[in-house]
Amino acid sequence: MFGKGKAPFEALVRKLERLAELNDEDRQALTSLPFTIETIGEDGLLIRAGEEKHHCGVLLEGYACRSKSLGSGGRQIFSFHFPGDILDVEHILLPQADHDIEAATDVSVAWVPSADLRKLTQERPAVADALWRDCLIDASVFREWVLNVGKRDPRSRVSHMLCEFATRREAAGLGKPQGAELPISHQQISDATGLTPVQVNRMLHLLVAAGIIADDGQRLKIMNSDALREIAAFDPAYLHALAA
Amino acid sequence: MSISFQAVRLDTSLGDDEAVLAFRCGRLLAVLSRLGPIHGDSAGKWYVEILFSQAINHPRTPFSSLDELEEWIADNAEQQ
């Protein structure tokens, strides 16, 4: 059931303003989109590969991730998402989901009818530009993740993933990387880096021993952001406007 | 199927240096390390560092004992 109410799209508008020059009418059109809100607990499935979707999810609170799984159970996460992100902008034009989208933490999502978003992109060129850029940056992130999983050594790989998470979190207005608390589990890091949980634990232990992160088993805290970026050789250029 | 083990030390600074070479019919099948205290509940378990068989997927979780590893190999390995 969709309704109109106070649109919870401030973070989305803020993000799209980084991607294209929006005017007042663009902003008004975005905040007037119909929506329904759903809250889902950590590890809950927001979208399942294969299902047909006629709505797009705007992440309002919490963190989400996209992944694909093998029949044998192995899972590869290939992106994390932050408040203000449209989790599945492809469903504006491609209704069949080709991957899973899961709640990495407890999340709140606003579901917007794909047809309304499509109409908006046809009527508001600046919004269309912003969403197109968002898709292109998604593609850039996926390229970087292929490089990360395929070619970086385990310590750099984990460090790079943490740097990106902290950088995108900052761009979403959630605070600086230095001192950032990242609610990512060892299992999620394992699935995002292609390393086993044992290897991930070893790499985190090395980073803790060097005073670069703290790890209480539930969440990681970045204690030395500069050192983490140095280990990862992190260059945020691939994030384009999504880097803070 | 005959699995035999030879104790070795790994050249690592991570504390997981106690290890065994696992041989099947006299040929090196895998290198396993015994997980140290940094691994919490998994400390003391055996983790497959390298597996040379192309017929078995790398197990992502460690084994409680070398007997458990042998059972797992018997269940998963194609006879070569």
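1. In which helix of chain A does L162(A) lie? L162(A) sits in α5, residues 154-171. Helices here are DSSP runs of H or I with at least four residues, strands are runs of E with at least two, and both are numbered from the N terminus. L162(A) has 29 C-beta neighbours inside 10 Å, so it counts as buried. The cut-offs are 20 or more other C-beta atoms within 10 Å for buried, 12 or fewer for exposed, and partly exposed in between, with C-beta atoms placed from the backbone.

2. A word on the basis. The model is predicted: local features need pLDDT of at least 70, side-chain atom pairs count only at pLDDT 80 or more, and totals for chains, interfaces and linings use all residues. Residues are numbered from 1 along each chain as its sequence is written, while chains are lettered from A and ligands numbered from 1 in the order in which they are written.

3. Back to L162(A). Leaving aside residues up to four places away in sequence, L162(A) touches L182(A), L220(A), I222(A) and L228(A). Contact means that C-beta atoms, placed from the backbone, lie within 7 Å. F35(A) is 127 residues from L162(A) in sequence and 32 Å away in space, C-alpha to C-alpha.

4. Chain A splits into domain 1 (10-141) and domain 2 (152-242). These bounds come from an automatic or database domain assignment. The C-alpha centres of the two domains lie 24 Å apart. Their contact takes 20 residues from domain 1 of chain A and 15 residues from domain 2 of chain A. On the domain 1 side, α1 (10-19), β4 (64-69), β5 (75-81) and α4 (125-151) of chain A each supply at least two residues. That side has 11 nonpolar, five polar and four charged residues. Nonpolar covers Ala, Val, Leu, Ile, Met, Phe, Trp, Tyr, Cys and Pro; charged covers Asp, Glu, Lys and Arg; the others, Gly among them, are polar.

5. Chain A has an open antiparallel sheet of three strands, ordered β1-β7-β3. Strands pair if DSSP finds at least two bridges between them. β1 (36-40) and β3 (55-61) of chain A each have a single partner strand, so one side of each is left without a neighbour in the sheet. The twist averages 30° from one strand to the next. Five bridges join β1(A) to β7(A), residues 107-113. I37(A) has A110(A) as its bridge partner in β7(A).

6. Helix α3(A), residues 114-123, lies across β3 and β7 of chain A, at about 65° to β7(A). Axes are lines fitted to C-alpha atoms, for helices over the stretch in contact; angles run from 0 to 180 degrees between N-to-C directions.

7. Chain B reads β-β-β-β-α along the sequence. Its four strands form an open antiparallel sheet in the order β1-β2-β3-β4. The edge strands are β1 (3-9) and β4 (46-51) of chain B. β2 (18-24) and β3 (27-34) of chain B pair over six bridges, and R24(B) stands opposite R27(B). Helix α1(B), residues 66-76, lies across β1, β3 and β4 of chain B, at about 130° to β1(B).

8. Along its principal axes, the C-alpha trace of chain B spans about 35 × 20 × 20 Å. Of its 80 residues, 18% count as buried.

9. Finally, how many residues does each chain bring to the contact between A and B? Chain B gives eight residues and chain A gives seven residues. The chain B side has five nonpolar, two polar and one charged residues.

How values were computed
Two residues are in contact if their C-beta atoms, placed from the backbone, lie within 7 Å.
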